[in-house]
Amino acid sequence: MTQTAPDNALGRIAAGDAPVLETLLAMNLDAAERSGLDPETYLLVRLAALVAMDAAPVSYLITLGAAGETDLTVEQMQAVLVAIAPVVGSARVTAAAGAIVRGVLGAEALAETGMPTQRTS
C-alpha cells in the first residue's frame, strides 16, 4: 500500500523534491529584483505585508531567514511593527509576534530532531 501521508511529503521535500517551495522562492527573488528596493527595505515591506494579511508562521520564517543575509536589525523590524500597529491593530501585531515565535521555534525543533524517516509499511 502506498502511503500518501504528510510524512511521505516531508521525505520528498527533504530529498530535494519541492516544486512548490522552489516556485515560491523564484517568485520572491523576481519580486525583490523587480521592486527596485534595497534588500533591507524590501524585507521590511514584506514584514509589514505579512502582518497585514495575518500570515502563517512559515511565511515569517522565510522573511526572517532572508533578513539574516542582510544588515537588517531586530530593532528595525520592531520599528516596523510599531509603525503599522495603528493601521492594522494591536491584535494583528500581537498575533504576528506569536507567529514569528512559532515559526522560529518550529524551525529550531525541526533542526534538533531532523526530518522524520519515511514509513514503508
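Colleague: Which residues does Tyr 42 touch, not counting those up to four places away in sequence?
Modeller: In this predicted model, Tyr 42 touches Asn 28, Ala 31, Ala 32, Ser 35 and Leu 37 once residues up to four places away in sequence are set aside.

Colleague: Where does Tyr 42 lie?
Modeller: Tyr 42 lies in helix α3, which covers residues 39-52.

Colleague: You listed Ala 31 as a contact. What separates the C-alpha atoms of Tyr 42 and Ala 31?
Modeller: Those C-alpha atoms are 9.2 Å apart, and the two residues are 11 residues apart along the chain.

Colleague: Is Tyr 42 buried or exposed?
Modeller: Tyr 42 is buried, because its relative accessible area is 12% and the cut-off for buried is under 20%.

Colleague: Changing topic. How many cavities of 30 Å³ or more turn up in the whole structure?
Modeller: The search finds 1 cavity of that size. The volume of the largest cavity is about 40 Å³.

Colleague: Which residues line the largest cavity?
Modeller: The lining consists of Leu 43, Leu 44, Leu 47, Tyr 60, Thr 63, Leu 64, Leu 72 and Met 77. The elements giving two or more residues to that lining are α3 and α4, the latter spanning 57-67.

Colleague: And by class, what is in the lining?
Modeller: There are 7 nonpolar residues and 1 polar residue, with no charged residues.

Colleague: On to Thr 70. Where is its place?
Modeller: Thr 70 sits in the loop between α4 and α5, and α5 covers 74-88.

Colleague: Buried or exposed, that Thr 70?
Modeller: Thr 70 counts as buried, because its relative accessibility is 19% and the limit is under 20%.

Colleague: Which backbone atoms does the side chain of Thr 70 reach?
Modeller: One is the backbone oxygen of Ala 67, at 2.8 Å. Another is the backbone nitrogen of Leu 72, at 3.1 Å. Leu 72 is also among the residues lining the largest cavity.

Colleague: What is Thr 70 in contact with, leaving aside neighbours within four places in sequence?
Modeller: Thr 70 is in contact with Pro 39, Glu 40 and Leu 43. Leu 43 is another of the cavity-lining residues.

Colleague: Last one, Asp 54. What is its phi?
Modeller: Phi of Asp 54 is near 55°, a positive value in a residue other than glycine. Most residues other than glycine have a negative phi.

Methods: Residues numbered from 1 in each chain as written. Predicted model: local features only at pLDDT ≥ 70, side-chain atom pairs only at ≥ 80, totals over all residues. Heavy atoms only, no water. Helix = DSSP H or I, 4+ residues; strand = E, 2+ residues; numbered from the N terminus. Buried < 20%, exposed > 50% of the residue type's maximum accessible area, 1.4 Å probe, protein only. Contact = heavy atoms within 4.5 Å. 1 Å grid on protein atoms, 1.4 Å probe; cavity = no way out; pocket = protein on both sides within 12 Å on 5 of 7 lines; lining within 4 Å. Points joined across faces, edges and corners; volume = space filled by probe spheres on them. Nonpolar A, V, L, I, M, F, W, Y, C, P; charged D, E, K, R; others polar. Polar contact = N/O pair within 3.5 Å; in protein donor to acceptor, adjacent residues only side chain to side chain.
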